[in-house]
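I want to look at the strands and helices here, one step at a time.

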Amino acid sequence: MSNRILIIHGPNLNLLGEREPNVYGNQSYVALNDMITSHVESLGYECEVFQSNHEGAIIDRLHQARLDSVGVVLNAGAYTHYSYAIRDAIATINIPVIEVHISNVHARDEFRKNSVIAPVCKGTIAGFGRDSYILAITGLVRMLEGAKND
Ligand code: DQA
């Protein structure tokens, strides 16, 4: 039985550190993934990080996740705002998916205010910089464990 948490980074996130540092910070993509992996492992789960700039590859990995993961933290990048195909893939699989954004998408361009994936995700975290991933992972694990420490 898997106890893997899958982190999916969508398009352009592989260039974190170089990409618009005023919006996304200076920390490298590799350093971000190190932080994410340590956090997931500290909570007792296995971590896999997947990144793709291609919509179909993200959909294929989401499909696979229903067989090999207990939950997903997904930063779909700009696909968030218009990919009905990714939305349908999330709705198809029977494991929780948490939407995450580094930036506060509501305080930026108009087109970023709408998420077509939000209605099929279990929750959304945005605007906390790299900590958005930490909060999303923590929330996902609490959800998986039925928030049993309340
Ligand atoms: C993002 C926000 C999206 O609007 C943007 O297209 C990204 C990154 C974020 O993490 O803040 O690529 O998902």
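Before I start on the sheet, I note that two strands pair if DSSP finds at least two bridges between them. Helices (H or I, at least four residues) and strands (E, at least two) are DSSP runs, numbered from the N terminus. My model is predicted, so local features need pLDDT of at least 70 and side-chain atom pairs count only at pLDDT 80 or more, while totals for chains, interfaces and linings use all residues. Residues are numbered from 1 along each chain as its sequence is written, and side-chain values use heavy atoms, without hydrogens and water.

**Entry 1: the sheet.** I looked up the strand order and found β2-β1-β3-β4-β5, an open sheet of 5 strands with parallel pairing. Which strands stand at the edges? They are β2 (46-51) and β5 (123-126); each has a single partner strand, so one side of each lacks a neighbour in the sheet.

Entry 2: I then followed β1 (residues 4-9), which runs parallel to β3 (residues 71-75) and is joined to β3 by 5 bridges. His9 has Asn75 of β3 as its bridge partner.

**Entry 3: two helices.** I checked α3 (residues 55-68) against α4 (residues 84-92): they pack at an angle of about 5 degrees, with axes 9 Å apart. Axes are lines fitted to C-alpha atoms, for helices over the stretch in contact, and angles run from 0 to 180 degrees between N-to-C directions. α3 and α4 are therefore roughly parallel (angles under 35 degrees).

Terms used:
Angles under 35 degrees count as roughly parallel, over 145 as roughly antiparallel, 65 to 115 as roughly perpendicular and the rest as oblique.
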